[in-house]
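Here are some notes for a first reading of this structure. Please keep the sequence open beside the model while going through the points.

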Amino acid sequence: QVQLVESGGGLVQPGGSLRLSCAASGSIVSINTMAWHRQAPGKQRELVASITRGGSVNYADFVKGRFTISRDNAKNTVYLQMNSLEAEDTAVYYCNIDKILLTIGTRYDDWGQGTQVTVSS
């Protein structure tokens, strides 16, 4: 069993900052790529950023220069630092892990429950 628990969402004014966290818990040996996705009302879920176990990162064009993804492998946690937030960033943000090696086997494509980010004045 694996749980992904997200935190850090909320209401922020345009130009403000938020930091999202997602902690994975369970009998975890190692985690492959961790990512953040988001889904705005009426839109499809889209990739925001991803980071491999070795630290290679990938960003969607719409967040380059504003968001930073990082991870702490010892804590099985991924972070998303969001700066210069815009109204268009309003969405539910989801943590995703593509592959987790557990003591009892391997899991694929796990998702968190989502955390709401609202950018509004």
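1. Cysteine 22 and cysteine 95 form a disulfide, with their sulfur atoms 2.2 Å apart; the term is used for a pair of cysteine sulfur atoms within 2.5 Å. In general, a disulfide is a covalent bond between the sulfur atoms of two cysteines. A search of the whole structure finds one disulfide. Cysteine 22 lies in strand β3 (residues 18-26) and cysteine 95 in strand β10, so the pair ties together parts that are 73 residues apart in sequence. Strands (E, at least two residues) are DSSP runs, numbered from the N terminus. The link of cysteine 22 and cysteine 95 is left-handed, with -80° about the S-S bond. Both cysteine 22 and cysteine 95 are buried, that is, under 20% relative accessible area (1.4 Å probe, protein chains only).

2. On the source: this is a predicted model, in which local features need pLDDT of at least 70 and side-chain atom pairs count only at pLDDT 80 or more, while totals for chains, interfaces and linings use all residues. Residues are numbered from 1 along each chain as its sequence is written, and side-chain values use heavy atoms, with hydrogens and water left out.

3. The largest nonpolar core has 32 residues, and Trp36, Leu80, Met82 and Tyr93 touch the most other members. Strand β10 (residues 91-102) gives the largest share of this core, six residues. Such a core is a set of buried Ala, Val, Leu, Ile, Met, Phe, Trp, Tyr and Cys residues joined through side-chain atoms within 4.5 Å.

4. Leaving aside residues up to four places away in sequence, methionine 82 touches Gly16, Ser17, Leu18, Leu20, Arg66, Phe67, Tyr93 and Val117; contact means heavy atoms within 4.5 Å. Methionine 82, in β9, is the bridge partner of phenylalanine 67. Strands β8 and β9 (residues 77-82) pair in the antiparallel sense over six bridges, where pairing requires that DSSP finds at least two bridges between the strands.

5. An open sheet is formed by four strands in the order β1-β3-β9-β8, with antiparallel pairing. Its edge strands, β1 (2-7) and β8 (67-72), each pair on one side only.

6. Is asparagine 96 buried or exposed? Asparagine 96 is buried, with a relative accessible area of 8%, and lies in strand β10. Its side chain makes a polar contact of 3.0 Å with the side chain of aspartate 109. Here a polar contact is a pair of N or O atoms within 3.5 Å; within protein, one must be able to donate a hydrogen and the other to accept it, and residues adjacent in sequence count only if both atoms are side-chain atoms. The side chain of asparagine 96 also reaches the backbone oxygen of aspartate 110 at 3.1 Å.

Key
Buried means under 20% relative accessible area, exposed over 50%, partly exposed in between (1.4 Å probe, protein chains only).
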